[in-house]
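Me: I would like to go through some labels attached to this model and ask what each one rests on. Please set each value against its cut-off.

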Amino acid sequence: MTNVPSKNETILKIEGLSKAFGPVSAVEDVSLSIQRNEFFALLGPSGCGKTTLLRMLAGFEMPTSGAIVLSGENIASLPPEKRPLNLMFQSYALFPHMTVRQNLSYGLEMERLDKAEIRRRVDETLLSTDLTAFADRKPDKLSGGQKQRVALARALVKRPKVLLLDEPLGALDKKLRERMQLELKRLQHEAGITFIIVTHDQEEALVMADRMAILRDGKLLQVGTPEQVYEQPADRFVANFIGIMNFIDGTVGDHGTFTADGYRIALASDRGPGKATLAARPEAIRLSDDGAGLAGTISDIAYHGLDRVLHVETTVSQAPVQVRVTAEEGRNFRPAQQVRLLFDPAKCHLF
């Protein structure tokens, strides 16, 4: 399971896929190309259609229209058991009366593989997922993280072309969740299998995904690498959904100068004059030490360990402007303190 196929080869094409439940459109005209051995995330708020899309890929929901092309074959009308992909549920759904080894073997036995081949594949999968020592335990003797790995191993042992994961880490506590994010990424790379994961957790998608798709109300808003989506959001919704973003309403002049309540930022923008919203991440703003910049008052300071986020009340935004500083820098500031903010034009966006 260590032969990793090269990427840049499309393994799955979703073409104009839609799903309606009566008058309600859950997924609307979604088209995507997913590469071989890619870790791809479907991301969006609850009710955005990401789980419905995943269930259509798995065969548990039939599309209203559109095609699902896997390795050149349209599988949209095939039942789940005929599709060379596996869906791993958040609940893990392990057989409680079976050992770990038996849980892994079961699916292969249903395919009527010979016993030697089953044992070889199960042993190989137990080794790659660090479960050999737990092979003879039943699920009630395993921790949450171990159960998660067994569920993943049971899916991997069948060697699907694509593995679908529906909120696979949702039941884990924060520390274990963060560790398993890296573990999933490692196992995906070693197995050489395309992973498609559904999550509502932006940080989880940023850590694990090679690329991600952002959905809202059943529609596809943006597809790109985590860096592209974070640094170049397609619209205000994406900008607000991924990470922290400050929004300031104002106007743009003839030469790309953004103005809000008299404060001006010279932007390299070819946008025509008119009303606009400026968006800036907390790390795109710094504190001025020479009296220049936008005046504000610190209303709160949030300590995050390595850094602190200053919440600054200003006249240009109803919500406090959030500014990220190092934990050491943050020691110099107090609530009610007057500060001035400087925006990096190269890191600001206009919507």
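Me: Where is D261 placed?

Reply: D261 sits in the loop between β12 (257-260) and β13 (263-266). Strands here are DSSP runs of E of at least two residues, and helices are runs of H or I of at least four, both numbered from the N terminus. The model is a predicted one, where local features need pLDDT of at least 70 and side-chain atom pairs count only at pLDDT 80 or more, while totals for chains, interfaces and linings use all residues. Residues are numbered from 1 along each chain as its sequence is written, and side-chain values use heavy atoms, with hydrogens and water left out.

Me: Why is D261 called exposed?

Reply: Exposed means over 50% relative accessible area, buried means under 20%, and partly exposed is in between (1.4 Å probe, protein chains only). D261 has 58%, so D261 is exposed. D261 also has a positive phi of about 50 degrees, although it is not a glycine.

Me: What makes A336 exposed?

Reply: The relative accessible area of A336 is 55%, so the label exposed applies. A336 is in the loop between α9 (327-330) and β19 (338-343). A336 is not a glycine, yet has a positive phi of about 80 degrees.

Me: Why do K185 and D210 count as a salt bridge?

Reply: A salt bridge is a side-chain nitrogen of Lys or Arg within 4 Å of a carboxyl oxygen of Asp or Glu. For K185 and D210 the closest N and O atoms are 2.9 Å apart, and the pair forms a salt bridge. K185 lies in helix α5 (residues 174-191) and D210 in the loop between α6 (202-208) and β9 (211-216), so the pair ties together parts that are 25 residues apart in sequence. K185, at 24% relative accessible area, is partly exposed, and D210, at 22%, is partly exposed.

Me: How do you know that R236 and D249 meet in a salt bridge?

Reply: Their N to O distance is 3.9 Å, and the side chains meet in a salt bridge. R236 belongs to helix α8 (residues 236-241) and D249 to strand β11 (residues 246-252), so this pair ties together parts that are 13 residues apart in sequence. R236 is partly exposed at 38% relative accessibility, whereas D249 is exposed at 51%. Elsewhere, salt bridges that share partners join E117, R120, R121, E124 and R159 into one network. The count by this rule comes to 17 salt bridges.

Me: Is E61 buried or exposed?

Reply: E61 has a relative accessible area of 19%, so E61 is buried. E61 forms a salt bridge with R55, with the closest N and O atoms 3.6 Å apart. R55 counts as partly exposed at 28% relative accessibility.

Me: What makes helix α1 mostly covered?

Reply: Seven of the nine residues of α1 (residues 50-58) are buried. They are K50, T52, L53, L54, M56, L57 and A58. Just after α1, G59 takes a positive phi of about 100 degrees.
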